[in-house]
Amino acid sequence: MIRFESVTKRYADGTVAVDDLTLEVPRGGITVLVGPSGCGKTTSLRMVNRMVEPTSGRVLLDGEDVAARPAAQLRRSIGYVIQHAGLFPHRTVLGNVMTVPRLLGWDRARARAAAMEALEKVGLTADQARRYPAQLSGGQQQRVGVARALASGPEVVLMDEPFSAVDPIVRAELQDEVRRLQRELGITVVLVTHDIDEALGLGDTVAVLREGGHLAQVADPATLLAEPADDFVASFVGRDRGYRALGFADVAVEPRPVPTARLGESVPAGAGWVLAVDEAGAPLGWADATGWGGPLTEQRLQRLGGLAPLGASARTLLDAALSSPSRRGVVVADGRVVGTVGADEVLAALGERR
Ligand SMILES: Nc1ncnc2c1ncn2[C@@H]1O[C@H](COP(=O)(O)OP(=O)(O)OP(=O)(O)O)[C@@H](O)[C@H]1O
């Protein structure tokens, strides 16, 4: 869908930001450009919407050289999200999101309806739409930035470090949101980040660049972790790549039945670890009934570890087991307890995969 063909960008001062880049961005899905600071990620991204012109080579969009399209028209047809959202401070949130539809010549009512729909998609309310950007949190402003990029219904959305200015919790929320929107709308997202974890967590395809816009490797995250092409990629993806690869490993571990009890129910002495559940079967906490018996009270409960949804990766299953006071990871489906797994069972299942 987007193809960089031997693209080189040399800035006026002689800096070669991108050197002979050839890269295919598939239609649909999220392609991430990742690499150390100054390796030419932003320059590469901006050559797609002609904010930067290549010195040589071509960028093709649906087989057509972007240089053949008037730059302003091209830019309006491609969503663009940047760090700190880049909103107009003197326009309301709604006004900001209406910008591109209005530039496209849509009448006010249509532009407004499209903007409201886009704001709703990113989880913002009509009340927030009336505010000015400064009256929203950083994370909400970033959502407005995403809504603005989506409002005119583009097929391609470019994102340049869209989440680096927000705290880790908000960042994780926004990443989930972008993943959901990409699936829902079937758009093609090209995202730039220097954060390898963000790249691996979000990308369907990850292109690792090194200084000078050289493509070091392009692959899906699991392949990048398991088979880095060279020492640069291996060190860039990080030292604990073996462990992180578990996040992409599906394992066949059958959850084992676990003794459960509701609060107030009597637990026989010597029952060992019992999992307290509510009426719906959702886990509440663990109780160690090794040395006592009697009614299960809230005071007896120890905090749950991480929960693993049925079908979770080896990493999530292991984390559930290792963070659990009973050392048994709780597996849930629709929030209800299905059973538990132990770290040894996960490791055994991993061994069988190889
Ligand atoms: N307008 C410009 N004029 C001259 N050199 C530039 C210009 N823009 C970027 N560069 C240089 O080109 C190289 C690549 O910059 P670019 O912003 O594309 O990298 P990046 O990988 O996105 O970096 P970062 O993660 O730090 O934003 C850098 O050496 C940068 O200093």
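What you have open is a predicted model, where local features need pLDDT of at least 70, side-chain atom pairs count only at pLDDT 80 or more, and totals for chains, interfaces and linings use all residues. Numbering runs from 1 along each chain as its sequence is written.

Zoom out. The C-alpha atoms fill a box of roughly 80 × 50 × 30 Å along the principal axes. Switch to cartoon and you'll have 13 helices and 18 strands (DSSP runs numbered from the N terminus: H or I of at least four residues for helices, E of at least two for strands).

Now colour 2-247 and 260-352, which are domain 1 and domain 2 (bounds from an automatic or database domain assignment). Their C-alpha centres are 40 Å apart.

Next, select Val97, Ala147 and Leu317, the residues with the most contacts inside the largest nonpolar core, which has 94 residues (buried Ala, Val, Leu, Ile, Met, Phe, Trp, Tyr and Cys joined through C-beta atoms within 7 Å).

Beyond its neighbours within four places in sequence, its contacts are Val251, Val253, Ala308, Ala312, Gly329, Val341 and Val346 (contact means C-beta atoms, placed from the backbone, within 7 Å).

Last stop: helix 12, residues 314-322, whose buried residues include Leu317, Leu318 and Asp319. Show strand 16 (307-309), strand 17 (328-333), strand 18 (336-342) and helix 13 (343-353) too, as they are among what covers those buried residues.

Notes. Buried ≥ 20, exposed ≤ 12 C-beta atoms within 10 Å, placed from the backbone. Contact = placed C-beta atoms within 7 Å.
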